Amino acid sequence: MMHFVDEVRLAVKAGDGGNGSAAFRRARFEPLGGPSGGDGGRGGDIVFVACPQLRTLLDLRYRKRIEAPSGEHGRSKDQYGKAGADHEIRVPIGTVVRDAETGAELVDLTEAGQRCIIAKGGRGGRGNIHFATSTNQAPRTAEDGQPGESLELSLELKLFADVGLVGFPNAGKSTLIAATSRAKPKIANYPFTTLVPNLGVVAVANHAGGRDRVTQEGSFVIADIPGLVEGAAAGKGLGHDFLRHIERTRILLFVVAPDVAGPASMLDQLKALKAELTAFNPDILNKETLIVRSKSDLNARDVNEEAAEDEAALLALPECIGSVCAVTHEGLDALVMALWQKLSTPRDPVAPASPTPADAPSAAPSGAA
Ligand SMILES: Nc1nc2c(ncn2[C@@H]2O[C@H](COP(=O)(O)OP(=O)(O)O)[C@@H](O)[C@H]2O)c(=O)[nH]1
Ligand SMILES: [Mg+2]
């Protein structure tokens, strides 16, 4: 099966246990008061939690190390130290957590809400109140807390593109992906090594202005679909695998420009691209589609007359979200937010597009709860 992988390496350390205390009661009328040192608190665990709202590992990509807080030390007057709080690391469903040194799989988080303690916090040390015996009424012994577990992890997540770009060569697809994305997933199990799709992870926060936190956490995967218009439908080997790839994507974004290696008219480009897709699979256009006119810095009239003639009609199409320029970044925020809004809206369940698990409404992008 064709997929991309998002990979992140991460060092985690659970909290250390607090030390036990070796204190004695010093009451005015009790000069030889007994031991009063409390126990140290346990350190916090590092816990992984599978969250259906998340779709990529982008949030963790720039964090090299995560630590859970240590337990407090025990104190005099029988006071126990507070336990360190567990630290939850939220990851998308489908994240496989491995020990980076041994490669051993620690957990495969396959279900929403699934939790797994990956690094255990250290036990708190006992205070000297536990060490009094009949022969030693004043023990000076107290235990140190145990260190929290420390691990190098590698996380891996299989990704499928949320948005597939469809356009003639030279339409500006690769440039658009580079201009909107923050990270590049690795390509795994891709059968056509010479025709690797261009893809990226889009961090919605970079385009969202001051919107709410849910949106700030969002991310999605955008990929182009190479080779689409190069005779693939005629069965030149690419067809069915690309089709399967497209079937996993939630939205098709048609990218048209006045200077492509294809029809000069932008409406004709659209028509030809749709015909190509329909030749693959008549159902494919039941997917949600959007259209964008790229290279808005290029005046269509300067490039070719035919593109200029139907530009207004193209821009007036209901699925058309306007023009963008990947070079100046004009319109890119609006494009990302339009895609995000569609991805965040559960699909109408009666929509007929092929009902694979990845297409289910629950597979909303991160932050889309
Ligand atoms: N003027 C201008 N040129 C662009 C823009 N986006 C891409 N290009 C150029 O158009 C050509 C094709 O772009 P590319 O992203 O490779 O197209 P793809 O074949 O669809 O992936 C390249 O020379 C880009 O530099 C844009 O917004 N404005
Ligand atoms: Mg390209």
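Predicted model: local features only at pLDDT ≥ 70, side-chain atom pairs only at ≥ 80, totals over all residues.
1. Six strands make up an open sheet, ordered S11-S12-S9-S13-S14-S15, with mixed pairing. S11 and S15 are its edge strands, each pairing on one side only. From one strand to the next, the twist averages 25 degrees.

2. A strand pair within the sheet. S13 pairs with strand S14 (residues 288-293) in the parallel sense, over six bridges. Across this pair, Leu 252 stands opposite Thr 289 in S14. As a reminder, strands of a sheet pair through backbone hydrogen bonds, in either a parallel or an antiparallel sense.

3. Helices on the sheet. Helix H5 (residues 266-280) packs on the sheet and touches S9, S13 and S14. The direction of H5 makes about 140 degrees with that of S13. Helix H7 (residues 305-315) lies across S13, S14 and S15, and runs at about 135 degrees to S15.

4. Helix H2. Which residues of helix H2 (residues 173-180) are buried? They are Lys 173, Leu 176, Ile 177 and Thr 180. These residues lie on the same side of H2, because they cover an arc of only 100 degrees around the axis. The cover over the buried residues of H2 includes strands S9 (163-166), S11 (199-203), S12 (219-224) and S13 (251-256), along with helix H8 (332-344).

5. The ligand shell. Ligand 1 is surrounded by 15 residues, the closest being Gly 172, Lys 173, Ser 174, Thr 175 and Lys 295. Lys 173 is also one of the buried residues of H2. By residue type, the shell around ligand 1 divides into six nonpolar, six polar and three charged residues.

6. Asp 78. This residue is not glycine, yet its phi is positive, near 60 degrees. Asp 78 sits in the loop between strand S3 (65-67) and strand S4 (87-92). Asp 78 has 16 C-beta neighbours inside 10 Å, and therefore counts as partly exposed; a buried residue would need 20 or more.

7. His 329. Here too the residue is other than glycine and phi is positive, with a value near 70 degrees. His 329 is found in the loop between strand S15 (320-323) and H8. Is His 329 buried or exposed? His 329 counts as exposed, because it has 12 C-beta neighbours inside 10 Å, and the exposed class takes in residues with 12 or fewer.

Methods
Residues numbered from 1 in each chain as written. Chains lettered and ligands numbered in written order. Near = placed C-beta within 6 Å. Nonpolar A, V, L, I, M, F, W, Y, C, P; charged D, E, K, R; others polar. Helix = DSSP H or I, 4+ residues; strand = E, 2+ residues; numbered from the N terminus. Arc of directions from axis to C-beta. Contact = placed C-beta atoms within 7 Å. Pairing = 2+ DSSP bridges. Axes fitted to C-alpha atoms, helices over the stretch in contact; angles between N-to-C directions.
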